[in-house]
Amino acid sequence: MRSESLMVENIRVASRQMVRELGFMNHTLAATQYSPSVVHTLLEIEARGLMTAAQLVQILGLEKSSVSRMLSKLVNIGELEEQPSTEDARIKQLGLTAKGEETVRKINEFSNERVMGALKKLDPIWQQAVSQGLSAYAAALKACRENSVVDSSTSCEIVKGYRAGMIGRITEMHGSYYAREHQFGYVFESKVAAGLAEFSGRLERPCNEIWLAIQNDRIVGSVAIDGQDLGNNEAHLRWFILDDGCRGNGVGKKLISAAMKFCDEKEFSAVQLWTFNKLTAARRLYESFGFELTKEWQGDQWGSRVTEQQFTRLAR
């Protein structure tokens with residue numbers, strides 16, 4: 001055990017030193033004006049060719065919205081360009097522009113010089129050992145990451161009804177995501193918690209239901225249909241949220257599908273939902289199920305002033 005602990009500590013110390021020496025503690029990397037995540041993105045596209053945003057999310061291991069913002073910036077400043085897929089014109093692929101190719105050339109030139117300079121400090125036998133060892137260790141780290149996240153919709157089970165810890169977990173997912181991405185604070189989180197607590201007391205009514213996405217016995221997504229609060233035989237879609245690790249894998253579609261099937265079976269005249277204009281991915285999902293934007297206004301009910309929206313799905 002002692003030798004194993006020493007090996008782990010040596011690897012951790014070496015990893016921290018490499019992070020410092022390679023410049024990852026700085027705001028920019030590889031003698032560019034760009035952050036480490038941007039430099040990494042450009043290098044991956046150069047190495048792999050045309051790629052979609054979804055592919056980059058998987059490779060980089062970053063949250064989908066962060067990758068989307070970064071790619072949009074790189075397109076706007078001329079490092080990347082979008083091209084329609086030859087197999088499906090609806091799918092956008094990203095490739096390097098001439099400017100991007102020149103940027104990558106400079107990154108590679110700088111990085112190769114750093115690596116060669118370090119290798120020259122080692123005996124030839126150690127040079128080979130470093131090359132093979134780093135490759136093997138990087139592959140092992142990747143395997144650990146892929147085994148620890150939700151990587152497909154089949155990893156999740158969709159269940160309906162109350163589950164112990166549901167109110168706190170759904171509130172946590174809402175509070176964490178909206179604070180990080182949209183700067184919502186305690187006002188929003190408090191409303192989520194209070195609303196969920198009140199709704200949970202009405203789940204025995206046949207017009208109300210909630211669905212949870214469960215992965216490894218942990219709640220990673222939710223959506224609810226409240227058939228009481230609007231009246232007029234209209235349903236209210238509420239608390240649709242996904243954990244960071246399962247966005248873009250079809251889990252959201254499964255949740256909304258279950259909710260819409262329930263609404264159709266209960267013969268609600270319409271389903272309403274309230275959101276705001278920055279949630280573009282969610283909007284596309286809603287629209288794929290027949291929701292249409294029916295109202296838009298400036299509001300601050302969630303603690304920040306945003307463009308609020310109402311979407312409606314009429315009975316089929």
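A crossing of two helices is termed left-handed if the near helix is turned anticlockwise from the far one by less than a right angle, and right-handed if it is turned clockwise. The structure examined here is a predicted model, in which local features need pLDDT of at least 70 and side-chain atom pairs count only at pLDDT 80 or more, while totals for chains, interfaces and linings use all residues. Residues are numbered from 1 along each chain as its sequence is written, and side-chain values use heavy atoms, with hydrogens and water left out.

Helices (H or I, at least four residues) and strands (E, at least two) are DSSP runs numbered from the N terminus. In the pair formed by helix H3 (residues 53-60) and helix H4 (residues 64-76), H3 passes H4 in a right-handed crossing. The two helices pack at an angle of about 120 degrees with their axes 10 Å apart, the axes being lines fitted to C-alpha atoms over the stretch in contact and the angles running from 0 to 180 degrees between N-to-C directions. H3 is therefore oblique to H4, given that angles under 35 degrees count as roughly parallel, over 145 as roughly antiparallel, 65 to 115 as roughly perpendicular and the rest as oblique. Contact (heavy atoms within 4.5 Å) is made by Ala 53, Leu 56, Val 57 and Leu 60 of H3 with Lys 64, Val 67, Met 70 and Leu 71 of H4.

Arg 313 is located in strand E9 (residues 306-314) and is buried, with a relative accessible area of 4%; buried means under 20% relative accessible area, exposed over 50% and partly exposed in between (1.4 Å probe, protein chains only). The side chain of Arg 313 makes a polar contact of 3.1 Å with the side chain of Asp 264, a polar contact being a pair of N or O atoms within 3.5 Å, of which, within protein, one must be able to donate a hydrogen and the other to accept it, with residues adjacent in sequence counted only if both atoms are side-chain atoms. A polar atom of the Arg 313 side chain also lies 2.8 Å from the backbone oxygen of Phe 289.

Thr 312 likewise lies in strand E9 and, at 11% relative accessibility, counts as buried. The side chains of Thr 312 and Thr 294 are joined by a polar contact of 3.1 Å.

Ala 140, in helix H6 (residues 124-147), is partly exposed, with a relative accessible area of 37%. Between Ala 140 and Arg 313 the C-alpha to C-alpha distance is 47 Å, at a separation of 173 residues in sequence.
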